[in-house]
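Notebook open, one chain to look through. I'll jot things down in the order I looked them up.

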Amino acid sequence: MDINGIGTDNAGQISMLMANSKIMGSVETAMLGKTLDQQQIQADGLKKMMELSVNPGLGANFDKMI
C-alpha cells in the first residue's frame with residue numbers, strides 16, 4: 001500500500017480502525033487479568049487440598065477426658 005495514496009476519506013477509516021484496535025487491546029488485557037485471577041484462586045484451592053491430603057485424618061478425631 002502506498003502511503004501517498006491515503007486520502008482524507010481513508011484517513012477517517014484508518015483512525016477508526018486504530019481506535020478499535022486500541023479498545024480491543026484493552027479488553028484483551030482486562031480479560032487476561034481476570035483469567036490470571038481465576039488461575040490464582042484455583043491454584044490456592046489445589047494447594048490447600050494437597051496440604052490436607054498429607055495428613056487426611058489429622059484433627060478428625062479427638063479424645064475428650066473429663
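I started with a side-chain-to-backbone contact: a polar atom of the threonine 29 side chain lies 2.8 Å from the backbone oxygen of glycine 25. This is a predicted model, so I take that distance as computed. Threonine 29 belongs to helix 1.

Next I asked myself: is threonine 29 buried or exposed? I noted 55% relative accessibility, and the cut-off for exposed is over 50%, so threonine 29 counts as exposed.

Then I went to methionine 31, which also sits in helix 1, and I wrote down residues 8-54 for that helix. Methionine 31 comes out at 54% relative accessibility, so I filed it as exposed.

Last, I looked at the chain as a whole. For the 66 residues, my entry under buried reads 0%. The chain exposes about 6500 Å², and I noted that 63% of this comes from carbon and sulfur atoms.

Notes. Residues numbered from 1 in each chain as written. Predicted model: local features only at pLDDT ≥ 70, side-chain atom pairs only at ≥ 80, totals over all residues. Heavy atoms only, no water. Helix = DSSP H or I, 4+ residues; strand = E, 2+ residues; numbered from the N terminus. Buried < 20%, exposed > 50% of the residue type's maximum accessible area, 1.4 Å probe, protein only. Areas by Shrake-Rupley, 256 points an atom, 1.4 Å probe, with all protein chains shown as cover. Polar contact = N/O pair within 3.5 Å; in protein donor to acceptor, adjacent residues only side chain to side chain.
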